[in-house]
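Subject: The structure I promised you

Hi,

My notes on what turned up follow below.

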Amino acid sequence: MEIIMRLDVMMAMRKVKRIRFETLAKICDVLECQPGDLLEASKED
């Protein structure tokens, strides 16, 4: 299963290569969303 990061554009603009789960939780708190709103699991072909 592939994980698609929807924050890729924002992270690329800030030269961020990876994100910790603690940081993801804080982002979700600020944006009032769930991790699933930012990440998508996709089956690899």
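Before the pocket comes up, you need one term: a pocket is an open set of grid points where a 1.4 Å probe fits, with protein on both sides within 12 Å along at least five of seven lines. The idea behind it is simple: rolling a probe the size of a water molecule over the atoms shows where empty space is left. Please also keep in mind that this is a predicted model.

With that in hand, the largest pocket holds about 150 Å³ of space. Which residues line the largest pocket? They are L7, M10, M11, R14, V16, I19, T23 and I27. Helices α1 and α2 each supply at least two residues of that lining.

Now the overall layout. The chain has three helices and two strands, and from the N terminus on they run β-α-α-α-β. Of its 45 residues, 13% count as buried. The chain exposes about 4200 Å², and carbon and sulfur atoms supply 54% of that area. If you look at contacts in the chain with a separation of 6 or more, 56% of them are between residues 24 or more positions apart.

Next, the surface. V9, M10 and M13 form a nonpolar patch there, with about 320 Å² of accessible area together. M10 sits in helix α1, which covers residues 8-13. Is M10 buried, partly exposed or exposed? It is partly exposed, since its relative accessible area is 42%, and M10 is also one of the residues that line the largest pocket.

You will find I27 in helix α2, and it is partly exposed, at a relative accessible area of 25%. Which residues does I27 touch, once its neighbours within four places in sequence are left aside? The contacts are with L7, I19 and L38. Take I27 and L38: they are 11 residues apart in sequence, and their C-alpha atoms are 9.6 Å apart in space.

On to the charges. Side chains of opposite charge can pair when their charged atoms come close. How many salt bridges does a search of the whole structure find? It finds two. In one, E22 pairs with R20, with the closest N and O atoms 3.5 Å apart. In the other, K26 pairs with E22, and here the closest N and O atoms are 3.5 Å apart. E22 takes part in each pairing, so R20, E22 and K26 are linked in a network of salt bridges.

Why can K26 and E22 be described as about one helical turn apart? Because they are four residues apart in helix α2. As for how open these side chains are, E22 is partly exposed, with a relative accessible area of 45%. R20 counts as exposed, at 55% relative accessibility, and so does K26, at 52%. The cut-off for calling a residue exposed is over 50%.

The phi angle of E32 is near 55°, a positive value in a residue other than glycine. E32 is exposed too, with a relative accessible area of 74%.

Cheers

How values were computed. Residues are numbered from 1 along each chain as its sequence is written. This is a predicted model: local features need pLDDT of at least 70, side-chain atom pairs count only at pLDDT 80 or more; totals for chains, interfaces and linings use all residues. Side-chain values use heavy atoms; hydrogens and water are left out. Buried means under 20% relative accessible area, exposed over 50%, partly exposed in between (1.4 Å probe, protein chains only). Contact means heavy atoms within 4.5 Å. Accessible areas come from the Shrake-Rupley method with a 1.4 Å probe; for residues, only the protein chains shown count as cover. Patches are made of residues with over 30% relative accessible area and no salt bridge: like charges are joined within 9 Å, nonpolar side chains (Val, Leu, Ile, Met, Phe, Trp, Tyr) within 5 Å. A salt bridge is a side-chain nitrogen of Lys or Arg within 4 Å of a carboxyl oxygen of Asp or Glu. On a 1 Å grid over the protein atoms alone, a cavity is a set of points where a 1.4 Å probe fits but cannot get out, and a pocket is an open set with protein on both sides within 12 Å along at least five of seven lines; lining residues have an atom within 4 Å of a point. Grid points are joined across faces, edges and corners, and a volume is the space filled by probe spheres set on the points.
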